[in-house]
Amino acid sequence: MAERLIVQELDVEKFCKVNNCQPVTNPVTFIKGGKPTPDGLLSEQIFGITHAERYGIYAYIDLNGWFLQPLAYKRLCRLNAKAKAVIYGTQTFSIKSGELIEDPDGDTGIRWLKTNFDKIKWSNSESDIAKTSMQYIKDLEKKNTLWIKKFPIIPPGYRDVTVTSKGVSIGELNQLYQRLLMHTNALKQAQDYGLSMMTNAEGLIQEQMASIFNWFGNGTTIGRDVTSNNLPGKTGIIRRSVLAKTTDYSCRSVITAPNNKVEDLDDIMVDMDHAAIPLAIAITCFKPFILFWLRRFFENEFAGKNFYNIDLYDDAFKVHQKRVTVPIKDYQAVFSDAELEKQIDRFAKGRYNRLIPIQVPIVDGAEKKYKELKGRKPYLYFTGYNIKGNELAEARANNFEFNELIRRPLTWCDLFYMAAVDMTSDKSVLITRFPMDSYFNQFPQLINVITTSETVSMVVDGKFYKWYPKFNYKDIGKNTSAMFVDTISINNATIGTAGGDYDGDTVTCKPIFSIEANAEVRKQLNNIGNYNGLNGINAKKVNKEGILCLYSLTNCPDKDTWNKKFNKMEF
């Protein structure tokens, strides 16, 4: 079931006390020199200077009196038009049998309204809207949140301030806060001097709070400009904030149709349970596990060694020429965690040079000392064997039918791919497509790692890799932007239940780390609820894709074309 957004009224007094909120009193935002005013809306003394402080510290405006909570004020004005006249003090009233009656000798103002609020019958309507509004106001009274003396200010990190060559623009919301500060300061001065303009100032304050409330909701008017809808909707604060929140190690990617151009069903990478996750995303999402694998690799390769044997081959990496033993540095310093993370980030974010060979960490000057190297870089070497066909039975163990020996410099791509396959074989991901309008919009998938658009079956160190990246030593150092796949491929039926398609839709990919959670995913994949909707009908269907597939399989060209293509074979 989809989660609901529950909104409750804020107890402003308690909120300000618990969070030690400070008052903002100055409507001026900057002093000379461009520095924020110490008591203003962008104050560094109140809101701090660090990123966490500017996005986490709230403040408040002292209203210098009691006022209605903005939504209650709006509903009250809809229930009874006389409410606004009382708050602004434009008319005087007396109360008879719960009704507001115009009376030249009566009273008015928000303080009079608060004293007599429970004596007034605000609406005679029996409509559901009126009943709901009155019940809402009564609930606020019970919670002691109907009347407020402080108005909260959100952290400055969420309020736009734009600096250009022409000047500084403080944004719509800051302008609304500024006006509220001006009205509250005017009210305080009127109270200090005992002026009769207090009721008008109180009305302006109440209306300005409603304008700020509207800015977050359905828009308001600033000067002559009408602001847009700022809370709900595609461009609203809630939608933008939710999309901006990211889970640790998660990624966002475009989805594309799976490539089913294979010779055997077992060679299909994407099915109902598996998604094709690009290597760049796999090593980012499962970075802690990838780092562990890489540490063990270099430990097995260099630990306890002061010298390393380098085999030299001809330029085609076919003929073995000589073996050279060279002194090496401390491998833990060369392949430190910082260096490994740097290489992971470089591979994930850079698409143009992903085939970078890994050098043996020989001591400085060894390349000149050992003339056998002849200026060649001392690389680690990759050795693998292509498999005949595209299959492997576990029972055959090491009795492989080799097709071709592959030898070339070992690249970071090789290590990342082997690490990703090994570390994700028992793991899964949660894929989410927004908006979340049903529980099908977030679904678990097992992982098949995809790298280059063309792959080969390969055995490396006795381990079988079904979709190993296909490249040779001539591709190293060249532009790799067209070689690698960087989009997630999901089964047509699965993505259809989430309301997605392949026209540029994006999804969020979140890794699942724990053993228990991954075991739960496998149970969920086989659960009937993963296929049937709430109505009990199968939700995972293929429509146009299935029709096109059946047409392609059963379509027979005319006899002349068939005979010409297949050497005039007769039916």
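C251 is buried, with a relative accessible area of 14%. In this predicted model, the cysteine sulfur closest to that of C251 belongs to C285, at 3.8 Å, which is too far for a bond.

A disulfide is a covalent bond between the sulfur atoms of two cysteines. Counting one requires the two sulfur atoms to be within 2.5 Å, and the structure holds 0 disulfides.

## The chain as a whole

The chain contains 20 helices and 21 strands. Of its 571 residues, 42% are buried. The chain exposes about 32,800 Å², and carbon and sulfur atoms supply 52% of that area.

Contacts across the sequence can also be described. Where the contacting residues are at least 6 apart in sequence, 67% of the contacts join residues at least 24 apart.

## Helix 8

Helix 8 spans residues 171-193, a total of 23 residues. From its first C-alpha to its last, helix 8 reaches 33 Å, close to the 33 Å expected at 1.5 Å a residue. Just after helix 8, G194 takes a positive phi of about 65°.

Which residues are buried in helix 8? They are G171, L173, N174, L176, Y177, Q178, L180, L181, T184, L187 and A190. An α-helix has 3.6 residues a turn, so residues three or four places apart point the same way.

Key
Residues are numbered from 1 along each chain as its sequence is written. This is a predicted model: local features need pLDDT of at least 70, side-chain atom pairs count only at pLDDT 80 or more; totals for chains, interfaces and linings use all residues. Side-chain values use heavy atoms; hydrogens and water are left out. Helices (H or I, at least four residues) and strands (E, at least two) are DSSP runs, numbered from the N terminus. Buried means under 20% relative accessible area, exposed over 50%, partly exposed in between (1.4 Å probe, protein chains only). Contact means heavy atoms within 4.5 Å. Accessible areas come from the Shrake-Rupley method with a 1.4 Å probe; for residues, only the protein chains shown count as cover. The expected span of a helix is 1.5 Å times one less than its number of residues.
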